[in-house]
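Let's take a friendly walk through the inside of a protein.

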Amino acid sequence: MNTPYPAASALQEAPHSRILLVTGDAAILRKFRQLLLPTYDVVATNTVAEAIDIANRQLPDLILCDVLVADTSGYQFLISLRDDPSMKHLPFILFNRLHVVSNIRKGMNLGADDFLVFPFTGEELIKSIQSRLNRYQHIRETMQPRETLIRQLHVEGKNPINERLSKTEAKILDMIARGMSSRDIASYKCISVRTVDNHRHNITKKLQLSGPNALVKFAIGYGGVLSRQ
């Protein structure tokens with residue numbers, strides 16, 4: 001693997017964030033650890049079975065996972081994680097050696113926050129990690145206000161959110177919670193951006209939200225609340 005990995009320097013995220021690295025490639029493990037250890041606490045394993053155990057015991061701040069793993073695949077780990085309410089919204093970055101559009105689409109549709117394909121630079125890796133950690137921090141900071149709003153919808157005698165939205169609208173709300181833009185959603189659902197924007201407008205109206213970022217903030221908190229129910 002002839003990929004440059006410059007020092008993290010100014011791209012450093014807040015110290016002590018814990019990253020779970022899952023790969024069976026010794027060269028990747030060595031280079032990633034060399035790059036990340038100055039800034040992050042890195043825990044590594046080469047099997048998904050052990051990764052699940054580590055994630056349950058240590059609850060990392062972010063997971064960086066190879067698509068190719070000894071005992072199964074990064075996709076299967078992602079599925080297991082997204083099915084676990086306690087870890088559903090942990091940032092998850094997949095990486096692979098082959099640039100296959102269908103593989104990237106599969107990873108993103110399963111809930112990956114990013115999908116990196118070699119060759120990528122150390123700067124690109126750090127920026128991806130930094131962006132996902134920042135978003136995760138934002139989720140935690142906005143969780144309580146969104147929980148309050150969701151409770152109000154029930155206390156006021158209104159229908160539960162999933163009963164107020166169509167199946168398509170509920171899916172789009174979940175995709176918004178995962179940080180996907182209208183263009184991203186349109187691409188993965190094979191519809192136009194205008195159709196996505198119409199759905200966003202209808203969701204905003206049905207939930208009686210107001211403000212330019214109200215839907216995004218609500219979606220993030222909504223996903224977090226459901227992950228613990």
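**Inside the protein**

The residues lining the largest cavity divide into two nonpolar, two polar and five charged. Here Ala, Val, Leu, Ile, Met, Phe, Trp, Tyr, Cys and Pro count as nonpolar, Asp, Glu, Lys and Arg as charged, and the others, Gly among them, as polar. This is a predicted model, in which local features need pLDDT of at least 70 and side-chain atom pairs count only at pLDDT 80 or more, while totals for chains, interfaces and linings use all residues. Residues are numbered from 1 along each chain as its sequence is written, and side-chain values use heavy atoms, leaving out hydrogens and water.

Which residues form that lining? They are R82, K88, H89, L90, G111, D113, R135, A177 and R178. A cavity is a set of points on a 1 Å grid over the protein atoms alone where a 1.4 Å probe fits but cannot get out, and lining residues have an atom within 4 Å of a point.

Now turn to S128, in helix α5 (residues 122–155); a helix is a DSSP run of H or I, at least four residues long. Is S128 buried or exposed? S128 is buried, because its relative accessible area is 4%, and buried means under 20% (1.4 Å probe, protein chains only). Leaving aside neighbours within four places in sequence, S128 is in contact (heavy atoms within 4.5 Å) with I93, D114 and L116.

Finally, look at F115. Again leaving aside neighbours within four places in sequence, F115 is in contact with V67, Y75, L94, N96, N103, I104, G107 and M108.

How values were computed
1 Å grid on protein atoms, 1.4 Å probe; cavity = no way out; pocket = protein on both sides within 12 Å on 5 of 7 lines; lining within 4 Å. Helix = DSSP H or I, 4+ residues; strand = E, 2+ residues; numbered from the N terminus. Buried < 20%, exposed > 50% of the residue type's maximum accessible area, 1.4 Å probe, protein only.
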